[in-house]
Amino acid sequence: MDWERVRKDFPILDQKVHGKRLAFLDNAASSHVPEPVLERLLTYQRTEHSNIHRGVHALSQRATDAFEGVRTKVKDFINAREDREIVFVRGATEGINLVMHGYGRKYLKAGDEVVITTMEHHANIVPWQMLRDEKGIVLKVVPITDDGRIEEDAFVEALSERTRLVGLVHVSNSLGTINDVKRLVSLAHQRDIPVLVDGCQATPHMKVDVQDLDADFYVFSGHKMCAPTGSGVLYGKASWLERMQPFMGGGDMILSVSFEKTTYNQIPHKFEAGTPAILPVVGLGAAIDYLETIGMDRIAEREASLGDYALGRLKALEGVRVFGPDKDRASVYSFGISDVHPHDIGTILDQAGVAIRAGHHCTQPLMKRLGVPATARASVAFYNNEEDVDQLVGAIEHVREIFGV
Ligand code: PMP
């Protein structure tokens, strides 16, 4: 694979910031959109756009085909069984909130339990706390090991007759840990407990097969996998989606409306009230085409090799502590440099042209577990190269010089 050729699909990378070559290593927050996806967005908006599902005219049909075509693409991409198991949402956050409203608010009662883990993103914590405050459910949190892996015994212990849902991140956005979701799902299923998997950091980097994982719900965001912001997916087994109540009411999610009574549309439309984010969804379809043209296995290999290089170089630096496990990890590296505040690290790196993230990465309880207020985080995508990593390492050395650590 000619990775330098691939990199040219992302002209945004070819620029200087603060007079320095840009090394963009903040891909876990949001990835970039390659030229073929940008072209598809322009073509759609220039020649195919109209509102979908309702119109009898040609453009409306074309737009509907474009939109619904992406549903099939997503279905194939994650190996769902049917198109109707794919619900378009704005992103993973909305997907999890939809499950909280559609399933949690309808079926959970005081004393019922939801089990999550210490390494969840706020998106998979706060909705369950809202449900706790509303319904009196119990939120149980499974601890993690010092190197950032879920404690399996504690996971099994946390499951009880009152557990109604497990919420689990597939790949941690802060630690890079790749959780053994298939195994954890099977442990939950032994007790008939459904599992919602937050796949935000998995779908951009590896082949995901929801049937193989046997997840009941799986959410992800388009903007982390080469699509623009505004598109996301909630996959749900049809049997679950059918039992759930709608999240929002309005146009398109109904079969008939009178002032006395409304009957809801079939899944997935029952969950897609109003005009959806048509353009971002079209972009998500083009992004899937793009990723599949390269091949998810090749992307995973490329990121593993760049990631090993980055991890090796970071670990060789004195005073640098890298969080997370040594193996079964994605190319996301949270680190600290002695007692230098991560925001100072981020600012100095920015001056050197290196874009990383500094903060709690929407995982404040995880930061507490790690015993730090925040971390610096470099996240590598397939369109990065060794030069980006070297620039990162050079800039970290500069931080150490400045702070004398
Ligand atoms: N979960 C994880 C693991 C994430 O990395 C993110 C994005 N930072 C989210 C959930 C939320 O995604 P979004 O903001 O796109 O809804």
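Select Gly353, which follows helix H12 and has a positive phi, near 85°. The model is predicted: local features need pLDDT of at least 70, side-chain atom pairs count only at pLDDT 80 or more, and totals for chains, interfaces and linings use all residues. Residues are numbered from 1 along each chain as its sequence is written, and side-chain values use heavy atoms, with hydrogens and water left out. Helices (H or I, at least four residues) and strands (E, at least two) are DSSP runs, numbered from the N terminus.

**Helix H12.** Select residues 342-351, the span of H12. Which residues of this helix are buried? They are Pro342, Ile345, Gly346, Ile348 and Leu349. Buried means under 20% relative accessible area, exposed over 50%, and partly exposed in between (1.4 Å probe, protein chains only). The cover over these buried residues includes strands S14 (332-337), S15 (354-355), S16 (357-359) and S17, and helix H14 (386-403).

**Thr375.** Thr375 counts as buried because its relative accessibility is 0%. Its side chain is joined to that of His361 by a polar contact of 2.7 Å. A polar contact is a pair of N or O atoms within 3.5 Å; within protein, one must be able to donate a hydrogen and the other to accept it, and residues adjacent in sequence count only if both atoms are side-chain atoms. Not counting residues up to four places away in sequence, Thr375 touches several residues, including Phe323, Pro342, Arg357 and Met367. Contact here means heavy atoms within 4.5 Å.

**Asp216.** Select the loop between helix H8 (210-213) and strand S9 (217-221), which holds Asp216. Is Asp216 buried or exposed? It counts as buried, because its relative accessibility is 4%. The side chains of Asp216 and His189 make a polar contact of 2.7 Å. Beyond four places in sequence, the residues touching Asp216 include Tyr235, Lys237 and Trp240.

**Val197.** Strand S8 (residues 195-198) contains Val197. With a relative accessible area of 0%, Val197 is buried.

**The ligand.** Now select the ligand and the residues around it: Gly91, Ala92, Thr93, His121, Val169, Asn173, Asp198, Cys200, Gln201, Ser221, His223 and Lys224. Each has a heavy atom within 4 Å of the ligand. A nitrogen atom of the ligand is 2.5 Å from a side-chain N or O atom of Asp198. An oxygen atom of the ligand lies 2.6 Å from a polar side-chain atom of Thr93, and an oxygen atom of the ligand is 2.7 Å from a side-chain N or O atom of Ser221. Taken alone, the ligand exposes 400 Å², and the protein buries 84% of that. Accessible areas come from the Shrake-Rupley method with a 1.4 Å probe; for residues, only the protein chains shown count as cover.

**Arg62.** The last stop is Arg62, in helix H3 (residues 58-77). Arg62 counts as partly exposed because its relative accessibility is 43%. Not counting residues up to four places away in sequence, Arg62 touches Thr47 and Glu48. Pro34 is 28 residues from Arg62 in sequence and 24 Å away in space, C-alpha to C-alpha.
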